[in-house]
Amino acid sequence: MLKKTGCMELHYQVQECIAETQDWRKCREQVKQFKVCMDEYQKKREKQYS
């Protein structure tokens with residue numbers, strides 16, 4: 001399902017950062033980018049069904 005969003009690479013970056021740092025707070029930029037991507041996907045999806 002995540003593959004459909006186009007945000008898979010950003011998701012991997014978040015996971016990789018958390019694995020490396022063991023602290024999600026050090027990965028805020030990656031999390032932010034992933035969230036923006038997911039929000040954009042959701043907006044496009046909502047327009048499609050409106």
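Student: What comes just after α2?

Tutor: Gln 22 does, and it takes a positive phi of about 60°. Keep in mind that this is a predicted model.

Student: Back to α2 itself. Which residues does it cover, and how far apart are its ends?

Tutor: Helix α2 runs over residues 8-21. Its end C-alpha atoms are 20 Å apart.

Student: Why does that agree with what a helix should span?

Tutor: Because α2 has 14 residues, and at 1.5 Å a residue they should span 20 Å.

Student: Which residues of α2 are buried?

Tutor: Leu 10, Val 14 and Cys 17 are. Down the axis of α2, the buried residues fall within an arc of 65°, so they line one face of the helix.

Student: Why would residues spaced like that point the same way?

Tutor: An α-helix has 3.6 residues a turn, so residues three or four places apart point the same way.

Student: What do the buried residues of α2 pack against?

Tutor: They pack against α3, residues 28-48.

Student: And what sits on the face turned away from the buried side?

Tutor: That face of α2 carries the exposed residues Glu 9, Ala 19 and Glu 20.

Student: New topic. How many disulfides are there?

Tutor: The count comes to two. A disulfide is a covalent bond between the sulfur atoms of two cysteines.

Student: Which cysteine does Cys 7 join?

Tutor: Cys 7 is joined to Cys 37, with S to S at 1.9 Å. Cys 7 lies in the loop between α1 (2-5) and α2, and Cys 37 lies in helix α3, so the pair ties together parts 30 residues apart in sequence.

Student: Are Cys 7 and Cys 37 buried or exposed?

Tutor: Both are buried.

Student: What about Cys 17, which partner does it have?

Tutor: Cys 17 forms a disulfide with Cys 27, and their sulfur atoms are 2.0 Å apart. Cys 17 is in helix α2, while Cys 27 is in the loop between α2 and α3, ten residues apart. Both Cys 17 and Cys 27 are buried.

Student: Is the link of Cys 17 and Cys 27 left-handed or right-handed?

Tutor: The torsion about its S-S bond is about -90°, so the disulfide is left-handed.

Student: And the link of Cys 7 and Cys 37, left-handed or right-handed?

Tutor: Left-handed, with -90° about the S-S bond.

Student: Last one. What pattern do the disulfides of the chain follow?

Tutor: The pattern is 1-4, 2-3, with bonded cysteines counted along the chain.

How values were computed. Residues numbered from 1 in each chain as written. Predicted model: local features only at pLDDT ≥ 70, side-chain atom pairs only at ≥ 80, totals over all residues. Heavy atoms only, no water. Helix = DSSP H or I, 4+ residues; strand = E, 2+ residues; numbered from the N terminus. Expected span 1.5 Å × (residues − 1). Buried < 20%, exposed > 50% of the residue type's maximum accessible area, 1.4 Å probe, protein only. Arc of directions from axis to C-beta. Contact = heavy atoms within 4.5 Å. Disulfide = S-S within 2.5 Å.
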